[in-house]
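Dear colleague,

Please find below the structure I am handing over to you, together with its sequence. My notes on what was found in it follow.

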Amino acid sequence: MDSAQGGPGDVYKKVYFIKRPKVGEELTTLLKNKFKAIDAIRDLISWFEEGRDFVVGLNDWTPPEEQARERKVSISPWLPNAENHRNVVDVIGSIIYWLDTGRDFDITFTPTTKFDVNLN
């Protein structure tokens, strides 16, 4: 059964929250954030290899100097391989970059139905 249709045991959405540390909790939060980012990258690669249709959302919650940043990237077996590979590498690069800049952000994986993708 397709994940977006909501069968038993299906994943509706995965969310990883990356937050800036409070004073005195820098090392603990840094480790937690790195493990969350590694889990998100591992799940991204796993979902891609399973041939799932999904959208990756990166939402920046850091108080903006300009407008808030939000990125949505589609991954689908119906997109060309080169585009999917570029999208996966782009998301991984963004996760690592945003993690290194110390932002508050979240990473979401939202399953979509076949052919229901934003073609970027």
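**Confidence and findings**

The model is a predicted one; its mean pLDDT is 83 across the chain, with 81% of the residues at 70 or more. Residues 1-8 call for caution: pLDDT stays under 50 there, and the model has 16 contacts beyond four places in sequence for this stretch.

The largest nonpolar core holds 21 residues, of which Leu 44, Phe 54, Val 56, Ile 95, Ile 107 and Phe 109 touch the most other members. Two or more residues each come from β1 (14-18), α1 (26-49), β2 (54-60), β3 (70-75), α2 (81-100) and β4 (105-111). The most is given by α2, which supplies 6 residues. As a general point, nonpolar side chains tend to be buried together in soluble globular proteins.

Leaving aside residues up to four places away in sequence, Val 56 touches Leu 44, Arg 71, Lys 72, Val 73, Ile 75, Val 91, Ile 107, Thr 108 and Phe 109.

Because 6 of its 7 residues are buried, β4 is largely enclosed by the rest of the structure. β4 pairs with β1 in the antiparallel sense over 5 bridges, and Phe 109 of β4 is the bridge partner of Lys 14. With β2, the pairing of β4 is again antiparallel and runs over 7 bridges; here Asp 106 in β4 stands opposite Asn 59.

With kind regards

Technical notes: Residues are numbered from 1 along each chain as its sequence is written. This is a predicted model: local features need pLDDT of at least 70, side-chain atom pairs count only at pLDDT 80 or more; totals for chains, interfaces and linings use all residues. Side-chain values use heavy atoms; hydrogens and water are left out. A nonpolar core is a set of buried Ala, Val, Leu, Ile, Met, Phe, Trp, Tyr and Cys residues joined through side-chain atoms within 4.5 Å. Buried means under 20% relative accessible area, exposed over 50%, partly exposed in between (1.4 Å probe, protein chains only). Helices (H or I, at least four residues) and strands (E, at least two) are DSSP runs, numbered from the N terminus. Contact means heavy atoms within 4.5 Å. Two strands pair if DSSP finds at least two bridges between them. pLDDT is the predictor's confidence in each residue, from 0 to 100.
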